[in-house]
Amino acid sequence: MDASPAAAGFPAKPNFKPLSASEISDGQVQFRKVPVPAHRYTPLKKAWLDIYTPIYEEMKIDIRMNLKGRRVELKTRPDTPDISNIQKCADFVHAFTLGFDVCDAVALLRLDELYVDSFEIKDVKTLRGEHLSRAIGRLSGKGGKTKFAIENSTKTRIVIADSRIHILGSFANIKVARNALCSLIMGSPAGKVYSKLRAVTSRMAERF
């Protein structure tokens, strides 16, 4: 027996076209403004084409640099396929201004589960003068060895900007990386942090 809606006397299910980003926002143009700190102005100029291309061509978002206001301005276009694209682009540009490389920050455009988490050393422990300098040194390690080891084992990217730390990755991976960094700030030796990292990451690998 045919149990389809048409056979039961109901009209066929309508086939609606997906709504465009312009229709979802009721035709209103969406804007985002991302301020550019003075020390990231020159790197932004050098990497402008690498930032502009994926935003304009892939995400279909208009982008320009406001030289007077020293900020990057973004807005949706009639052909923007998804309204969330503008926020992804703003997050991408913001990640670059925090100090991440374009090749790392661009992952924010392509993967939904990535984000940036930031915290300061003083949020973990109040340190001043030489104690603060030593803590920053412990986080990086000789030639950046410690930072690279944490990045590789947690599949994250880390930027240490003076006493501020930025981590790019998935929620679970950021948590593991942040715990490792906090242990180093609190004074744990790097070897102990490495062994704890190996144990946590192997457990995560088994789970997934």
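An open sheet of three strands, in the order β4-β6-β5 and with antiparallel pairing, is one feature of this chain. β4 (114-120) and β5 (157-161) are the edge strands; each has a single partner, so one side of each is left without a neighbour in the sheet. Neighbouring strands here are turned by 15° against each other on average, direction ignored. The model is predicted, and the protein chain averages a pLDDT of 87.

- β5 and β6 (residues 164-170) run antiparallel and are joined by five bridges.
- Within this pair, I158 stands opposite I167 of β6.
- Helix α10 (residues 171-185) packs on the sheet and touches β4, β5 and β6.
- The direction of α10 makes about 150° with that of β6.

**Whole chain**
- The protein chain contains eleven helices and six strands.
- Of its 208 residues, 37% count as buried.
- The chain exposes about 13000 Å², and carbon and sulfur atoms supply 55% of that area.
- Among contacts with a separation of 6 or more, 58% are between residues 24 or more positions apart.

**Confidence**
- A pLDDT of at least 70 is reached by 90% of the residues.
- Among the elements, helix α4 (residues 85-98) has the highest mean pLDDT, at 96.
- The lowest mean, 60, belongs to helix α1 (residues 21-24).

**Helix α4**
- Ten of the 14 residues of α4 are buried, so this helix is largely enclosed by the rest of the structure.
- The buried residues are N85, I86, C89, A90, F92, V93, A95, F96, T97 and L98.
- At 1.5 Å a residue, the 14 residues of α4 should span 20 Å, which agrees with the 20 Å between its end C-alpha atoms.

**Hairpin of β2 and β3**
- Strand β2 (residues 61-66) and strand β3 (residues 71-76) run antiparallel, with six bridges joining them.
- N66 has R71 in β3 as its bridge partner.
- Four residues lie between the two strands of the hairpin.
- R70 is located in this loop between β2 and β3 and has a positive phi of about 50°, although it is not a glycine.
- R70 has a relative accessible area of 37% and is partly exposed, because that value falls between the 20% limit for buried and the 50% limit for exposed.

- Y56 belongs to helix α3 (residues 48-58).
- With 32% relative accessibility, Y56 counts as partly exposed.
- Leaving aside neighbours within four places in sequence, Y56 is in contact with I61, D62 and R77.
- Y56 and L74 are 18 residues apart along the chain, and their C-alpha atoms are separated by 9.7 Å.
- K60 lies in the loop between α3 and β2.
- The phi of K60 is positive, about 55°, although K60 is not a glycine.
- K60 counts as partly exposed, at 28% relative accessibility.

How values were computed
Residues are numbered from 1 along each chain as its sequence is written. This is a predicted model: local features need pLDDT of at least 70, side-chain atom pairs count only at pLDDT 80 or more; totals for chains, interfaces and linings use all residues. Side-chain values use heavy atoms; hydrogens and water are left out. Two strands pair if DSSP finds at least two bridges between them. Axes are lines fitted to C-alpha atoms, for helices over the stretch in contact, and angles run from 0 to 180 degrees between N-to-C directions. Contact means heavy atoms within 4.5 Å. pLDDT is the predictor's confidence in each residue, from 0 to 100. Buried means under 20% relative accessible area, exposed over 50%, partly exposed in between (1.4 Å probe, protein chains only). Accessible areas come from the Shrake-Rupley method with a 1.4 Å probe; for residues, only the protein chains shown count as cover. The expected span of a helix is 1.5 Å times one less than its number of residues.
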